[in-house]
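Here's a quick tour for your first look at a protein model. Have the sequence and the 3D view open as you read.

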Amino acid sequence: MNKKVISMVLAGSMLLSMSSGMAENSFANPGTYSATAMGRNGEVTVTATFSDSAITGIEVTHEETPTLGDTAIEQLTAVVLKNQTLDVDAISGATLSSGAFMEALEDCVEQAGGDVGALKAVPVENAAAQTEYDVTEADIIIVGAGGAGLTAAKTAADAGASVILIEKSGVVGGNSLCSQMGINAAASKVQETLGMEYATEDLLKEAQMQWGGRENLVNAYVENSGKAVDWFAENLGIDFSGKTGDQVDPADPLASVGEDHPSGSELFMVRADADGYTSNTLVKALNTAIVGAGVKLYVNTEATELITDENGAVIGVKAKAADGSEVTFSGKAVLLATGGFGQNHEMVVAYRPDLKNAITDEMAPTTGDGVMMAEAVGAKTVDMAEMQLFPHVPVGDTWLSPMGMPGGFMTTGLFLNQDAQRYTTEGFDSSIEGTLAQEHAFVIFGESDLNDDLKRLEARGLVKSGDTAEELAAQLGLDGAALAETIEKWNADCDAGADSQFERLPFTLKKVEGKLYGYAFGVGAHYMMGGVLINEKTQVLDQEENVIPGLYAAGEVTGGFHGSKRVDGSGTGDAFVFGYLAGNEIAAEIAGN
Ligand code: ADP
């Protein structure tokens, strides 16, 4: 994991201005202090320097997802230094890295003899939040700075279009940053160099069409996937040597499409691992590249409504700034790249009543805004009930790898309902239906299953522990006697060598003993296959499937490409490939007019 250092000091002019007008803080023990807190993916260490009346410098070392952590922490640092406050709710999104930063900083303030409560009461007069908009008119207005929006911004700007990119949260990257997958592509120079000649367009189309995707969209993806990957390699210098096709026999590529990989994604996927997973690497590169390309990025700016002319053509976007004021952007075209709607529980349940107990692992504030704004101007949506579920998401976290579960993919923990009773054969996929039926679900495990992932969740207070069943139950809000009985019964089953209630496989029969641990979890609404219907040029279509002039969409906000299943590697691809296509198409359309 990369370590990143961010360092900032209070400018002299600000120190002077603080003496007149700003709140007086006092620090009994001026000096430099350090503290560490747990972020989403690793530790965040803050080293802060204090005079007797001010926080004068902050240095942060962190192991967080590069772009997510950097942007949020840089903004927070600037706000704290400028306003001399600890009241920083201004940076939405990236809440876990922001939270860890603030926790460590508060610790430093205490060490310096400062008053955390008083500092929290100091108002933020000038948050890093966006309230000034010097440019509000451009050829293209892009809504959402995840994988699709960032890619479209860069490709369109390279093609000569002026671009405004607005982002609701305080950081770029969206849920694209949660993706661990590479990109499915075909017939790219990158793949040829890697010896993946078997990744042909015909084969990718065959794999992609299995789940009922629309043929024109699958074709558009297939034809542009290789071009997009090569563009990333050539234009942004991305190194895709982290390929995944090692297990493919070039003489018989389809032989690798077994039960484990029904999608055949291993045949096509290319990975760029320089900054962690592929999407992190690409988002980080794009984040820098859009600045050089002249894209105007406004964060903390939430699109609320599309503006149309008298003919129904989309000519702009209304948005809400961080201070609540309204700002209007106008352009020749608008691209919606707002991602999915996992963060909008009401909307999830409206399409899928069976998901009423589901939570989500979507990290960015993706609440279906793009779908709603498009519907308001007559757009058609398709496949809205098709959602990919992630079976095991700890409540309060956004994500836990199957291998991070107690005991790993074939978990050795016990899945319990709110009465502390087992309700299913524990496992990753096997438990989905049972878990969805529970209003609250818990996993309980013994100390030998406390792996590094779970230790991180423990450090963040999500995993609870107790020396006895009663102690753990009290932490989780369960009945102590019932939990003790369930564990006792299970341990007896383990001694007897058979699961007396459900169908746990023999090698997963492991006693729950030693210090006891547990956490609440749920099924996560993970990826939305459905959304706004587009054509092969990423133009949004109306109910009769006619083009709505001026309106485009790309990435998870769209529907029709995946059908009922998201092939591994085609979700990341959906954002980056359709983003690439959208940027080029819109720029060409504008240039042609
Ligand atoms: P994709 O993979 O399709 O690019 P992501 O989830 O990565 O989708 O990114 C979508 C981005 O759109 C997120 O960063 C999210 O915060 C942003 N977003 C969602 N709704 C709005 C909105 N109303 N205005 C501006 N940005 C939005």
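Which helix and which strand each supply at least two residues of the shell around the ligand? They are helix H5 (147–158) and strand E10 (302–308); helices (H or I, at least four residues) and strands (E, at least two) are DSSP runs, numbered from the N terminus. Keep in mind that this is a predicted model, where local features need pLDDT of at least 70 and side-chain atom pairs count only at pLDDT 80 or more, while totals for chains, interfaces and linings use all residues. Residues are numbered from 1 along each chain as its sequence is written, and side-chain values use heavy atoms, leaving out hydrogens and water.

**Around the ligand**

- There are 25 residues around the ligand, and Ala148, Glu167, Ser176, Asp369 and Glu556 come nearest (a residue is near if one of its heavy atoms lies within 4 Å).
- By type, the shell splits into eight nonpolar, 12 polar and five charged residues. Here Ala, Val, Leu, Ile, Met, Phe, Trp, Tyr, Cys and Pro count as nonpolar, Asp, Glu, Lys and Arg as charged, and the others, Gly among them, as polar.
- The side chain of Ser176 has an N or O atom 2.7 Å from an oxygen atom of the ligand.
- On its own the ligand has 580 Å² of accessible area, and the protein covers 98% of that (Shrake-Rupley method, 1.4 Å probe).

**Salt bridges**

- The whole structure has 19 salt bridges, each one a side-chain nitrogen of Lys or Arg within 4 Å of a carboxyl oxygen of Asp or Glu.
- One of them pairs Glu234 with Lys189 at 3.0 Å, N to O. This pair links distant parts of the chain, with Glu234 in helix H8 (residues 215–236) and Lys189 in helix H6 (residues 189–193), 45 residues apart.
- Another pairs Asp354 with Arg352 at 2.8 Å, N to O. Arg352 counts as buried because its relative accessibility is 17%, whereas Asp354, at 42%, counts as partly exposed (buried is under 20% relative accessible area, exposed over 50%, partly exposed in between, with a 1.4 Å probe and protein chains only).

**Helix H9**

- Helix H9 (residues 278–292) has 15 residues and reaches 22 Å from its first C-alpha to its last, close to the 21 Å expected (1.5 Å times one less than its number of residues).
- Its buried residues include Leu282, Val283, Leu286 and Ile290.
- Gly294 follows H9, with a positive phi near 85 degrees.

Note on methods
A polar contact is a pair of N or O atoms within 3.5 Å; within protein, one must be able to donate a hydrogen and the other to accept it, and residues adjacent in sequence count only if both atoms are side-chain atoms.
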